[in-house]
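Here are my notes on the model, point by point. Please keep the structure open while reading.

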Amino acid sequence: YDVEETDNNNNVDNYTVTISKSKDGGPNIEISNFGDLILVPVKGTIVGNTLTIPSQTFTANSTIEISGNGTLTGNNLHFDYTMVALGDTFEYSCEATKK
């Protein structure tokens, strides 16, 4: 998916993510290159046309917590997510189009 991401300061970033079925099966998915930042896949679920990204914590040089939700309509995915890092909260809105 080609992603256009807008943060809470109206800054725009473009990047690509890969969404694949999780080895956990069922509605579980994994999103690679999430936020053009997270190096390991972010876990989520798609039930019907609803994407859910449950709260997850990643640790590298610092701790980052991510959660979000969205809607899949045909080849378009709209999702919003929140990232908490270094004591600050950042909010993002994304429009993704399947390649």
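1. Terms and ground rules. Helices (H or I, at least four residues) and strands (E, at least two) are DSSP runs, numbered from the N terminus. The model is predicted: local features need pLDDT of at least 70, side-chain atom pairs count only at pLDDT 80 or more, and totals for chains, interfaces and linings use all residues. Residues are numbered from 1 along each chain as its sequence is written, and side-chain values use heavy atoms, with hydrogens and water left out.

2. Overall fold. The protein chain has nine strands and zero helices. Its pattern along the sequence is β-β-β-β-β-β-β-β-β. The radius of gyration is 13 Å, close to the 13 Å that the globule rule gives for 99 residues, so the chain is as compact as a globular protein of that length. That radius is taken over C-alpha atoms, and the rule is 2.2 Å times the number of residues to the power 0.38. The C-alpha trace spans about 35 × 30 × 20 Å along its principal axes.

3. Surface and burial. The accessible surface of the protein chain is about 5900 Å², and 47% of this belongs to carbon and sulfur atoms. Areas come from the Shrake-Rupley method with a 1.4 Å probe; for residues, only the protein chains shown count as cover. Of the 99 residues, 31% count as buried. Buried means under 20% relative accessible area, exposed over 50%, and partly exposed in between (1.4 Å probe, protein chains only).

4. Charges. The chain carries 5 positive and 13 negative charges, and their mean positions are 17 Å apart. Lys and Arg count as positive, Asp and Glu as negative; His and the chain ends are not counted. Each charge is placed at NZ of Lys, CZ of Arg, CG of Asp or CD of Glu.

5. The core. Which residues touch the most other members of the largest nonpolar core? They are Phe34, Ile38, Ile53, Ile66, Phe79 and Tyr81, out of 22 residues. Strand 4 (28-32), strand 6 (50-59), strand 7 (63-73), strand 8 (76-85) and strand 9 each give two or more residues to this core. Strand 8 supplies the largest share, five residues. A nonpolar core here is a set of buried Ala, Val, Leu, Ile, Met, Phe, Trp, Tyr and Cys residues joined through side-chain atoms within 4.5 Å.

6. Phe79 and Gly70. Contact means heavy atoms within 4.5 Å. Beyond its neighbours within four places in sequence, Phe79 contacts residues including Phe34, Leu51, Ile53, Gly70 and Tyr92. Gly70 lies in strand 7. Is Gly70 buried or exposed? Gly70 is buried, at 7% relative accessible area. Leaving out residues up to four places away, Gly70 touches Asn49, Thr50, Leu51, His78 and Phe79.

7. Positive phi. Most residues other than glycine have a negative phi. Asp36 has a positive phi of about 55° although it is not a glycine. Asp36 sits in the loop between strand 4 and strand 5 (42-47), and is partly exposed at 41%. Leu86 also shows a positive phi, near 55°. Leu86 belongs to the loop between strand 8 and strand 9. Its relative accessibility is 72%, so Leu86 counts as exposed.

8. Asp88. This residue is in strand 9 (residues 88-97). Asp88 is partly exposed, with a relative accessible area of 43%. Asp88 and Ile64 are 24 residues apart along the chain, and their C-alpha atoms are separated by 10.0 Å.
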